[in-house]
Amino acid sequence: MNRSAWIQLTSLICATGIWLTAAGAAAPAGRIPGDFGPPQGEPIHAQLTSPPFVPPPIHRNHPAKVIVELEVREVEKEISEGVTYTFWTFGGTTPGSFIRVRQGDTVEFHLRNHPDNKMPHNIDLHGVTGPGGGAASSFTAPGHESQFTFKALNQGIYVYHCATAPVGMHIANGMYGLMLVEPPEGMKPVDHEYYVMQGDFYTVGKYRERGHQEFDMQRAIDERPTYVLFNGAEGSLVGERALKAKVGDHVRLFVGNGGPNLVSSFHVIGAIFDRVRYEGGVHEQENVQTTLIPAGGAAIVEFYVRVPGSYVLVDHSILRAFNKGALAILKADGEPNKAVYSGKEVDSVYLGDLAANPAAVAEARAAEARGTLTKEQQIKAGEARFTGTCSVCHQASGEGLANVFPPLARSDFLMADKQRAIGIVLNGLTGQVTVNGNLFSSVMPPMSQLNDDELANILTYVRNSWGNSGEAVSADEVKQMRASTRRPEGAAN
């Protein structure tokens, strides 16, 4: 039966008051919609998966008793490179484990709170029909387990989250995930299904400030996130962790928004969604460029991969992508189709410094912490950061663009005064400058959002590349320049 016929049949059933079991037999009039009778067969233990993976489709034609066992873990992990945060999680990950059941299933839910945890927790599943979505039935102290049962009456993709007071704090610490309730007829097969969920995070320290960061309740109340992320960490879905596909593949993304505050403008750069089940419901929109996903909501988006390359997933409230971390990659392999698209691919344009060599950056950071940082390590780390931060304007060769951006290669202006160079990169420069005998008049924006060590490494790389030769720039020198610069309130510091 095609979808149109199914919708017509469902409408007729609603009008007549007759409901069908999964096998197609008439059910008594007055049965609750979505109730296809008691569970059949032996209980099934749900297969849960960690993001970005999704459990396999369900191939049953009857309702079952499904046992879901989920454990809350409070874990310290990196939220960004060199930045750790204590996440409160369902299943050890943010977002939590993906749950997949069938409409009409009876779900026996077990929530365990690991004995090493410090806080009580519970779970509110938006796919539960009943006050609190299971929250009152699942309040669980560390070292304890709660159990409750519900019938999955409504098909769709549903958010779940912790609802223990203060609710916003628990959600902001990463306590959310998705549950899919498949329709009785199942979902159309696709080549790939992936699980992506956005969340906003609030730390005491600024964006990418090194070390362990604590939750900042006032920033959360003021709705001023430090990070906006996919799957709980900056860079969680780039590089070797990028989503994978091939040309010709049909891709389905289950996209949620844990919030706790922001609405997501979900977009895949270079793809048009063939279908979107917006707000996680049963209705579909076609040929969608960007879809809104409210906090505490979800959507199912599908598209075909037509040409190879890197497809960048973003929140199109675009500063969140490039300055707060809401950016991921789907990497598609295959033969090009120049009749569809002939352009070149440059990951660094969209990825920014996430296109950097993370090993070189991590090595320099570790050496700096030990007090053994060398000039050579700074140069390697600086090259990685330069590639994603500066190379679009100044070019990978350091030659700049004639009459627009001055060259860094063999630059008399750059090499004449190290302190001036630090000040320009940190604070920006507007107006005319003469470089290697040529006049340039443009704007160098301040790069004060970068950390002291990042700026020091970039400058050390630039001052020792393309024919330049100079002493290293230290993080302390950048720190002193930053401290001596007056900035308007609210400016990057």
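Visitor: Which ring does the charged end of lysine 77 sit over?

Guide: Keep in mind that this is a predicted model. The charged end of lysine 77 sits over the ring of phenylalanine 87, at 5.6 Å from the ring's centre. You can look up another case too: arginine 420 places its charged end over the ring of phenylalanine 413, 3.9 Å from the centre.

Visitor: How many aromatic pairs are there, and what describes a pair?

Guide: Two things describe a pair of aromatic rings: the distance of the centres and the angle of the planes. The count here comes to 15 aromatic pairs. One of them joins tyrosine 85 and phenylalanine 87, edge-to-face, with 5.2 Å from centre to centre and 75° between the planes. Tyrosine 85 and phenylalanine 87 are both buried.

Visitor: Why is the pair of phenylalanine 98 and phenylalanine 254 called tilted?

Guide: Their planes stand at 55°, with the centres 5.4 Å apart, so the pair counts as tilted. Phenylalanine 98 is in the loop between strand 5 and strand 6, while phenylalanine 254 is in strand 16, so this pair ties together parts 156 residues apart in sequence.

Visitor: Is phenylalanine 98 buried or exposed?

Guide: Phenylalanine 98 is buried, because its relative accessible area is 0%. Phenylalanine 254 counts as buried as well, also at 0%.

Visitor: Which residues do ring pairs link into a cluster?

Guide: Look for Phe230, Phe266, Phe273 and Phe303, which ring pairs link together.

Visitor: Where is proline 120?

Guide: Proline 120 is in the loop between strand 7 and strand 8.

Conventions
Residues numbered from 1 in each chain as written. Predicted model: local features only at pLDDT ≥ 70, side-chain atom pairs only at ≥ 80, totals over all residues. Heavy atoms only, no water. Helix = DSSP H or I, 4+ residues; strand = E, 2+ residues; numbered from the N terminus. Phe/Tyr/Trp six-rings, centres within 6.5 Å; stacked < 30°, edge-to-face > 60°. Buried < 20%, exposed > 50% of the residue type's maximum accessible area, 1.4 Å probe, protein only. Lys NZ or Arg CZ within 6 Å of the ring centre and 35° of its normal.
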